[in-house]
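Let's take a walk through this model, starting with a pair of helices and moving on to the charged side chains around them.

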Amino acid sequence: MEALELLRTRYSASQLGAPAPSPEAIEALLEAAARAPDHGRLQPRRLIEGDARRAFGEVLAESLVRRNPLAGDQALAREREKALRGPTIIVVATRCDRSVKIPVVEQIVSAGCAAHGLMLAAFAEGLGAFWRTGEAAYDEAVKEALGIGFIYVGTDTRGAPSRPRAIQNLARRWTGDGRKPAAS
């Protein structure tokens with residue numbers, strides 16, 4: 001697939017299933033993520049597969065209990081199931097280093113670029129992927145254990161969404177007049 005076609009047609013899968021990506025496909029995804037702009041060479045990623053997803057589900061449930069001590073059994077079960085949304089989860093983490101001259105915002109954006117590159121690579125490999133974060137990703141214990149962005153990867157079981165994204169309001173031309181962007 002040509003790069004521009006990939007960029008124009010990529011979408012987030014709505015449902016994933018087996019089979020999981022092959023080790024070679026995962027390596028390709030991680031190589032794509034590693035090519036993201038990254039002043040600090042943070043290389044933010046972790047991989048969760050197979051039974052490790054159940055341990056991740058427990059981390060999510062524990063986070064829910066910290067945020068909502070009254071969470072019932074059903075809510076905890078739903079939280080555990082989130083870890084099983086796809087056969088593989090690649091965690092994108094930002095380990096911000098405030099001691100370097102690279103602004104923290106650039107370190108965070110770099111991790112976002114790595115996540116996007118990973119998702120583009122998944123689509124190019126014929127895989128489905130989607131990015132989920134949720135409240136648990138901001139829980140200090142979850143961040144320490146895993147990171148902040150969860151990219152679920154597997155076989156897309158539904159296919160492309162039926163509606164294209166609108167691009168009309170994506171960019172506005174700035175003319176410099178009056179220091180305000182020109183009307184679309």
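Predicted model: local features only at pLDDT ≥ 70, side-chain atom pairs only at ≥ 80, totals over all residues.

Residues are numbered from 1 along each chain as its sequence is written, and side-chain values use heavy atoms, with hydrogens and water left out.

Start with helix H3 (residues 52-67) and helix H4 (residues 73-81), whose axes come within 7 Å and cross at roughly 140°. That makes H3 oblique to H4 (under 35 degrees is roughly parallel, over 145 roughly antiparallel, 65 to 115 roughly perpendicular, and the rest oblique). Where they touch (heavy atoms within 4.5 Å), H3 brings residues including Leu60, Leu64 and Arg67, while H4 brings Ala75, Leu76, Glu79 and Arg80. Sorted by type, the residues of this contact are six nonpolar, one polar and four charged.

Now for the salt bridges (a side-chain nitrogen of Lys or Arg within 4 Å of a carboxyl oxygen of Asp or Glu): the structure has five. Arg67 pairs with Glu79 at 3.9 Å, N to O, linking H3 to H4 across 12 residues. Glu79 is buried at 6% relative accessible area (buried is under 20%, exposed over 50%, partly exposed in between, with a 1.4 Å probe and protein chains only). Glu79 also bridges to Lys82, with the closest N and O atoms 3.0 Å apart. Arg67, Glu79, Lys82 and Glu135 are linked in a salt-bridge network.

Finally, Arg66 meets Asp139 at 2.9 Å, N to O. Arg66 lies in H3 and Asp139 in the loop between strand S4 (128-132) and helix H6 (140-145), so this pair ties together parts 73 residues apart in sequence.

Notes:
Axes fitted to C-alpha atoms, helices over the stretch in contact; angles between N-to-C directions. Helix = DSSP H or I, 4+ residues; strand = E, 2+ residues; numbered from the N terminus. Nonpolar A, V, L, I, M, F, W, Y, C, P; charged D, E, K, R; others polar.
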